[in-house]
Amino acid sequence: MTPGIRPLIAGNWKMNGNWRGARRLADAVRDMAPGLGARLLLCPPFLHVQAVAATLLGSTVAVGGQDCHPAGHGAHTGDIGAPMLRDAGATHVILGHSERRADHGESSALVARKCEAALEADLIPLVCVGETQAERDAGRAEEVVGRQLSESLPLGFITAGGIVAYEPVWAIGTGRTPTEADIAAMHSFMRRHLSQEFGPTAQMTRLLYGGSVKPSNAAAILALPDVDGALVGGASLVAEDFLAIARAVPEG
Ligand code: PGA
C-alpha cells in the first residue's frame, strides 16, 4: 500500500457470463461492498456494462469496460467507443491487457491512442503492462515493463488519475505468481519510472498487481509497498472470493 492512496480491487470478468449471471454477481458485490476499506470496480463484457451499471446505481462500486476503440465513434464494425461506454454508465476502462496485446496484436502506441480516447470521454484508463516468462528468464522484465509504460501512457494520464496494473503474462490464469520480493521490486521500479517521466504527481498513481490473485494470497500481496490494489480475473467471477480479496486489504 502507498500511504494516502485508497486501494482499488478491480474485477476483470473477461468473456464470461450471461445477462442473468452478470446481474446476480453485481448484486452480490454491491450488497457486500459497504464498509470495505477498498474501492471496488467491476469490468464486465461490453454487452453487460449497462445492466451491471444499473444494478450498481447508487452504490460505491464502479463499472468499467475491458477495451475501447481509439476513435469515439464511426465506421468500425464490432468496436465500442469510449463515449458509448461512458453513456452506458462506465467510469473506467481497462486498456492494453496482455490478452488484447496477444489476441489482437495491440501495440503500446495503439494503447496510448485508446487512453487518449478514454480521457477525452472522461473515463479513467487502467493500463496493463507485464513481461512474458521468456522476458523474465532473460532478465529483461524491467526493461520490457519500462518500455510499455513509456509507450502506452499519454500526456495527461497521471493527472487524470490513470491507473497502472502490473500483470506478468505468465501469472495470468495460471495459478502462479511472482515472489513477493519480485512484485515489490517491480512496483518500486514502476513508481520510479513514472515519477521520472511524469514528475511527482506519479507518487499518487494507483499501481495494481494482477495475475492469479486469490483469497489465499491477497493479504500478502496487498501488504507490499507500492501495491495499491489488485486486478482480479478468475476469482472475480465468484462474489465471495472477490469480496474476500477486498477484505484482505490492510487497514489504512
Ligand atoms: P487472473 O487474471 O486473476 O485470472 O490471473 C488477471 C487478469 O488477467 O486481469
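Analyst: What follows is a short walk through the whole chain and then a few of its residues.

User: What should I know before I start?

Analyst: This is a predicted model, in which local features need pLDDT of at least 70 and side-chain atom pairs count only at pLDDT 80 or more, while totals for chains, interfaces and linings use all residues. Residues are numbered from 1 along each chain as its sequence is written, and side-chain values use heavy atoms, with hydrogens and water left out.

User: How many helices and strands does the protein chain have?

Analyst: The protein chain has ten helices and eight strands; these are DSSP runs numbered from the N terminus, where a helix is H or I over at least four residues and a strand is E over at least two.

User: And what is its radius of gyration?

Analyst: The protein chain has a radius of gyration of 17 Å, which agrees with the value near 18 Å that a compact globule of 252 residues would have. The radius is taken over C-alpha atoms, and the globule rule is 2.2 Å times the number of residues to the power 0.38. Along the principal axes, the C-alpha atoms fill a box of roughly 45 × 45 × 35 Å.

User: What share of the residues count as buried?

Analyst: Of the 252 residues, 53% count as buried, a word that means under 20% relative accessible area, with exposed meaning over 50% and partly exposed lying in between (1.4 Å probe, protein chains only). As for contacts, meaning heavy atoms within 4.5 Å, 72% of those between residues at least 6 apart in sequence join residues at least 24 apart.

User: Which side chain does the side chain of S108 make a polar contact with?

Analyst: The partner is the side chain of S152, at 3.2 Å. A polar contact is a pair of N or O atoms within 3.5 Å; within protein, one must be able to donate a hydrogen and the other to accept it, and residues adjacent in sequence count only if both atoms are side-chain atoms. Neighbours within four places in sequence aside, S108 is in contact with R101, Q148, E151 and S152.

User: Let's move to the loop between β7 and α9; what about G211?

Analyst: G211 sits in that loop, between β7 (207-210) and α9 (215-222), and G211 counts as buried because its relative accessibility is 6%. Although G211 and Y166 are 45 residues apart in sequence, their C-alpha atoms are 8.4 Å apart in space.

User: What about S212?

Analyst: S212 lies in the loop between β7 and α9 as well, and with 15% relative accessibility S212 counts as buried. Phi of S212 is near 60°, a positive value in a residue other than glycine. A polar atom of the S212 side chain lies 3.5 Å from the backbone nitrogen of T174.

User: Where else is there a positive phi in a residue that is not a glycine?

Analyst: K14 has a positive phi of about 55°, and K14 lies in the loop between β1 (8-12) and α1 (19-32).

User: Last one: where is P168, and what does it contact?

Analyst: P168 is in the loop between β6 (163-166) and α8 (180-198), and P168 is buried, with a relative accessible area of 0%. Leaving aside neighbours within four places in sequence, P168 is in contact with G130, E131, P178, Y209 and G210.
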